[in-house]
Amino acid sequence: MRPESKSRWLIVCVLLLGVATVPSTATAETDTPPLNFVVLLVDDLGFMDIGANNPNCFYETPNIDRFSDSAMRFTNGYAANPVCSPTRFSLMTGRYPTRTQATNFFSGKREGTFRPAPLNDKMPLDEVTIAEVLKPKGYQTFFAGKWHLGPDPDFYPPAQGFDVNMGGYHRGGPYTGKKYFSPFQNPELRPDSPPGDHLPDRLARETASFIEQNADQPFLAYLAFYSVHTPLMGRPDLVKKYQAKAAEIEGEEFADEEQVFGDRPRKVRILQKHAVYAAMVEAMDQAVGKVLDQIDAAGIANHTVVVLTSDNGGLSTSEGSPTSNLPLRGGKGWVYEGGIREPWIIRYPGVTQPGSVSDEPICSIDLLPTIAAAVDATLPQPIDGINLAPALRGNSLDREALFWHYPHYSNQGGFPGGAIRMGNYKLVERYEDGRIHLYDLSRDVGEKNDLADSMPDKAEQMRHRLHDWYQDVNAQFLREKNGNQPWVPSE
């Protein structure tokens with residue numbers, strides 16, 4: 001057995017011992033069934049891409065909106081990183097991906113003016129996942145869709161506590177076969193579908209089937225859609241529908257945005273009217289509806305926690321630039337709000353009020369500790385996230401700060417940088433030259449009015465706190481290129 005595998009199994013054994021004396025979530029006195037957990041993770045779905053967050057949304061998301069009406073919707077929900085793999089790491093582990101240098105999509109190593117920070121392109125096996133927390137409590141565990149957390153089967157979902165894996169492997173998108181349409185030729189999605197099947201629907205059917213088969217025992221169903229990530233491909237019937245809808249919309253579609261590499265001006269989409277992307281969003285929404293309907297049909301909605309979120313902001317500055325995140329600035333690949341603020345909707349029976357809204361800042365690092373607390377599980381590793389139960393009940397989290405660290409040149413043109421949010425204030429730090437920007441998100445969610453010069457004490461306080469965090473998580477920074485030295489933190 002490899003050393004890292006031994007380490008992982010030692011930690012799992014510790015977890016087993018640690019929870020052996022914890023009472024089950026279902027007790028003889030109350031005969032209350034244990035909680036089930038369904039996680040719906042949509043790839044690249046922007047905050048403004050659902051009707052629940054955006055009354056003027058071009059895309060139609062009736063199932064997600066219906067779900068929001070039954071749950072709590074967060075207006076300040078975040079991903080731990082502006083691209084996919086690091087956020088998926090944080091959702092699984094409750095930890096900032098910077099702790100293991102898993103700070104870019106696996107394996108993105110683009111260079112710009114400088115070389116990027118070193119990248120660990122796998123989630124270490126000694127990281128304890130949600131599935132590994134729940135397994136000792138008697139849970140059946142299921143994964144479907146995009147994994148993108150390791151280079152080979154040694155790092156796929158079965159190596160991290162999942163009993164079933166439908167489609168999760170090393171690729172970050174549906175790049176084999178006919179991509180979003182069968183045959184998919186995904187080696188972990190077996191058997192392949194008959195010709196014409198649509199990937200989001202196949203993944204939803206597999207998830208619904210697992211829920212139906214396991215309705216009489218506690219389970220975790222984690223559906224990580226490949227949608228709405230590129231390649232931009234929609235069902236023809238839905239594309240036709242949105243082409244007609246887009247023809248009625250007028251206005252400028254793009255505006256200028258800064259760039260950190262290349263010699264062509266970069267544009268950002270400022271108007272939602274991309275028919276193919278809209279078709280992808282609606283097909284994903286229909287798939288979400290299929291899973292939600294199965295929860296109801298199985299009669300388990302009153303003891304099933306359902307979470308819906310995304311892994312980074314909407315794609316707005318490259319690769320087709322299919323969506324607009326306005327009024328949020330930037331998009332996927334940027335540490336501006338458009339790259340890290342996400343849809344977050346949670347339904348926790350007996351805890352959340354239907355149709356409620358919370359403004360508390362939450363993050364992908366909070367999913368694991370919230371689930372662990374719900375089943376009284378002991379966590380065997382340091383956790384950066386917090387239990388969201390107070391916020392889910394409508395109270396304050398009393399959170400000091402949230403942090404971001406992206407020492408890379410994104411495919412989308414975003415600059416290498418870090419950020420900290422404390423209360424309503426957010427400080428952004430650029431890693432090429434160390435410049436900082438300060439924004440009051442309560443008044444300036446579009447990050448247009450830089451307060452760093454007018455509030456120097458506040459900026460310095462937040463910068464100092466951010467630099468302390470860098471040291472705590474062993475953050476790595478840009479490296480020399482062609483004799484040119486990048487900025488590095490001085491404290």
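The lining of the largest cavity has 11 nonpolar, one polar and one charged residues by class (Ala, Val, Leu, Ile, Met, Phe, Trp, Tyr, Cys and Pro count as nonpolar, Asp, Glu, Lys and Arg as charged, and the others, Gly among them, as polar). This is a predicted model, in which local features need pLDDT of at least 70 and side-chain atom pairs count only at pLDDT 80 or more, while totals for chains, interfaces and linings use all residues. Residues are numbered from 1 along each chain as its sequence is written, and side-chain values use heavy atoms, with hydrogens and water left out.

**Cavities**

- The structure holds three cavities of 30 Å³ or more (a cavity is a set of points, on a 1 Å grid over the protein atoms alone, where a 1.4 Å probe fits but cannot get out; lining residues have an atom within 4 Å of a point).
- The largest cavity has a volume of about 70 Å³ (the space filled by probe spheres set on the points, which are joined across faces, edges and corners).
- Of the 13 residues that line the largest cavity, V305, V307, I346, L367 and T370 are the closest to its centre.
- At least two lining residues of the largest cavity come from each of β9 (304-310), β10 (344-347) and α9 (367-374) (helices are DSSP runs of H or I with at least four residues, strands are runs of E with at least two, and both are numbered from the N terminus).
- The largest share of this lining, four residues, is supplied by α9.
- The second largest cavity contains about 60 Å³ of space, and its lining has five nonpolar, three polar and one charged residues.
- Among the residues that line the second largest cavity are Y169, Y175, K179 and F184.

**Backbone features**

- The peptide bond from F106 to S107 is cis, with omega near 0 degrees; S107 lies in the loop between α3 (84-93) and α4 (130-134).
- S227 and V228 are also joined by a cis peptide bond, with omega about 5 degrees; V228 is in the loop between β6 (219-224) and α6 (236-246).
- H148, in the loop between β4 (140-145) and β5 (164-166), has a positive phi near 60 degrees.
- H148 counts as buried at 4% relative accessibility (buried means under 20% relative accessible area, exposed over 50%, and partly exposed in between, with a 1.4 Å probe and protein chains only).
- K179, in the loop between β5 and α5 (199-213), has a positive phi near 65 degrees and is partly exposed, with a relative accessible area of 34%.

Note on methods:
On a 1 Å grid over the protein atoms alone, a cavity is a set of points where a 1.4 Å probe fits but cannot get out, and a pocket is an open set with protein on both sides within 12 Å along at least five of seven lines; lining residues have an atom within 4 Å of a point.
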